[in-house]
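Welcome! Please load the model in your viewer, and let us walk through its aromatic rings one stop at a time.

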Amino acid sequence: MPEMKKLELELDVRGMTCPSCAHHVENALNKVEGVEKAKIPGWQSNKATVSLTTDVDQQELINAVELAGYKASLKEQKPQISADIPQGSGNGDQRKDFDLVVIGAGSAGFAAAIKGIDLGFRVGMVGDGDLGGTCVNVGCVPSKTLIRAAEAWHNAGHHPFKGVNTLKSSLDWDIIRSEKDTLVADMRQSKYSDVLAAYPEITYIEGFASFNKDGSLQVGDKIYRAHRYLIVTGGHPHMIQFPGVEEVEPLNSTTLMELEQLPESLIILGGRAIALELGQTMERLGVQVLILQRSTRLVPDHEPEIGRGIKDYFEQEGIGIINGVQVDRLSREGETRIVHARVMGQEKEFKADQIFMALGRNANTDGMGLENVNVELDANGAIVVDEYQQTSNPAIYATGDVTNNPEFVYVAASGGSTASKNALTGNQKALDLSTMPGVIFTDPQIATVGLTEAQARQQGYEVKVSTINLEHVARAQANRDTRGLIKLVADEGTNRLLGAHIIAAEAGEVIQTATLAIKFGLKVSDLSDTLFPYLTQVEGLKLAALAFEKDIAMLSCCAV
Ligand SMILES: Cc1cc2nc3c(=O)[nH]c(=O)nc-3n(C[C@H](O)[C@H](O)[C@H](O)COP(=O)(O)OP(=O)(O)OC[C@H]3O[C@@H](n4cnc5c(N)ncnc54)[C@H](O)[C@@H]3O)c2cc1C
């Protein structure tokens with residue numbers, strides 16, 4: 001009998017982080033019909049060699065690896081970079097070091113670099129500052145762990161039913177701050193440093209990147225050229241240069257969370273997410289907090305009911321809030337900082353130990369030589385992009401906080417992955433933010449998705465609205481915390497859900513159900529016809545859906 005000719009091929013395998021991953025992938029490949037033996041030389045090798053007894057559809061091998069929870073591609077596949085870039089775009093003829101250089105090693109940068117590698121391209125990533133960027137170092141992670149610590153401290157001090165202060169001992173800010181720093185360091189290591197190490201194909205270049213006049217990229221004394229660039233350099237706190245600002249040295253979100261000592265009193269300029277989250281945290285840690293806001297209501301982009309609700313709850317906790325404040329200048333007398341402002345036309349002075357400017361963030365575009373490569377910026381210095389995240393220079397893409405995209409880390413990461421693919425393989429997928437949930441981690445939380453009532457009307461829908469108070473939700477009653485409301489916005493004609501706006505404890509956990517409902521075009525009746533578990537906060541969505549038709553106060557248990 002003639003000996004059968006053996007076929008061998010090699011796969012690139014992504015996502016293996018330990019020896020048992022290698023074992024899982026080997027097992028998955030060995031189960032594919034026609035595979036004689038699959039072997040992984042070591043999980044760090046990121047490859048598998050597969051001997052076949054017969055011709056096997058290569059996609060079957062890739063699918064088997066993916067079903068096991070990893071990614072694979074064929075080694076010999078050489079992907080072609082999309083060729084639709086016009087000349088004169090900073091993408092001249094010289095030798096290219098990379099297919100894609102990602103500028104910025106934050107959440108968008110990592111998602112983009114990994115996508116580029118998964119697609120089989122040569123990727124460089126330039127990082128300036130701490131690996132991981134804003135979210136892990138000075139944003140989501142430190143703020144959310146401080147919020148949690150302050151909440152635990154606040155709740156420990158109150159009898160769950162009577163609001164009596166029973167259990168408080170003395171607060172140790174040093175411990176809270178150092179535990180926050182430990183968490184940040186651990187997560188930076190596991191989610192960024194270790195992940196970068198698991199992708200040896202990503203060439204990491206440390207330093208500040210800027211574009212030269214010939215379109216090349218300068219990092220320190222080195223010059224790099226790539227077919228495509230992706231700018232994901234994030235943002236920094238916007239510090240308005242009021243007269244007297246140098247003397248007062250206001251805090252920003254980063255320096256506030258790093259303070260060695262908490263102030264006795266704090267004035268916050270601003271009334272959106274970061275002002276509210278960190279303001280309530282500080283108040284719960286014993287700081288006397290006064291929020292001064294120019295707009296007439298907190299969180300002005302949200303439903304008015306939500307702005308009014310959070311103001312009431314904050315005031316009940318002892319946080320001062322003044323709206324309609326026009327700041328003229330700042331000054332300092334010894335350790336006291338002063339805000340000089342006009343409120344309803346009257347001159348006022350507000351005094352505190354520290355002032356925290358929470359007035360939004362500006363894009364990191366200064367000094368990057370973007371004028372050399374014709375990348376258009378808006379009046380605030382943010383990079384202008386289209387839905388594919390392409391800039392005015394077709395060879396250069398941008399996404400995340402350096403653009404005007406909403407400042408959420410999951411938006412940045414999704415933008416990074418989308419932009420990377422579009423840059424390398426042609427504009428195929430727009431970044432879809434039509435059903436983007438947003439959460440503000442106050443207590444109670446604020447969570448929204450889809451259109452507000454006003455937006456739906458502006459867009460020409462025949463709008464219907466249902467609003468219920470949390471008193472109708474059994475979970476809230478059992479928790480003895482009925483603060484909040486749920487507002488649903490729907491289209492009268494089709495009965496489709498268009499928006500959900502919630503202020504309630506754990507609203508962030510509830511909003512995802514509404515997100516899926518809106519994303520997949522569900523009707524209000526789909527929500528009210530679905531079983532929701534009793535004594536969950538998310539049952540409130542079903543009650544709000546039923547409230548379009550019924551008086552829910554007259555329902556027995558279980559929202560039917
Ligand atoms: C206090 C606070 C709390 C937040 N909480 C949340 C939350 O709970 N949930 C949520 O979803 N989002 C939250 N965010 C927002 C979230 O952190 C950001 O949207 C997200 O991190 C932006 O990611 P990015 O990749 O666009 O930019 P970044 O993460 O900022 O990364 C940009 C990186 O590029 C580097 N860089 C800058 N210029 C250059 C250059 N020229 N060359 C090389 N590198 C450069 C920067 O140093 C940085 O490392 C919060 C933000 C803050 C400030």
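**A tour of the rings**

Start by selecting Phe110: its relative accessibility is 6%, so this residue counts as buried (buried means under 20% relative accessible area, exposed over 50% and partly exposed in between, with a 1.4 Å probe and protein chains only). Before you go on, note that this is a predicted model, where local features need pLDDT of at least 70, side-chain atom pairs count only at pLDDT 80 or more, and totals for chains, interfaces and linings use all residues. Residues are numbered from 1 along each chain as its sequence is written, and side-chain values use heavy atoms, with hydrogens and water left out.

Four aromatic pairs turn up in a search of the whole structure. Rings of Phe, Tyr and Trp (its six-membered ring) pair if their centres lie within 6.5 Å; planes under 30 degrees apart count as stacked, over 60 as edge-to-face and the rest as tilted.

Select Phe98 and Tyr224 next: the ring centres are 6.2 Å apart and the planes stand at 40 degrees, so this pair is tilted. Both Phe98 and Tyr224 are buried.

Tyr192 is buried, at a relative accessible area of 10%.

Finish with two charges over rings (NZ of Lys or CZ of Arg within 6 Å of the ring centre and within 35 degrees of the ring normal). Select Lys464, which lies over the face of Phe548 at 5.0 Å from the ring centre. Then pick Arg483, found over the face of Tyr313 at 5.8 Å from the ring centre.
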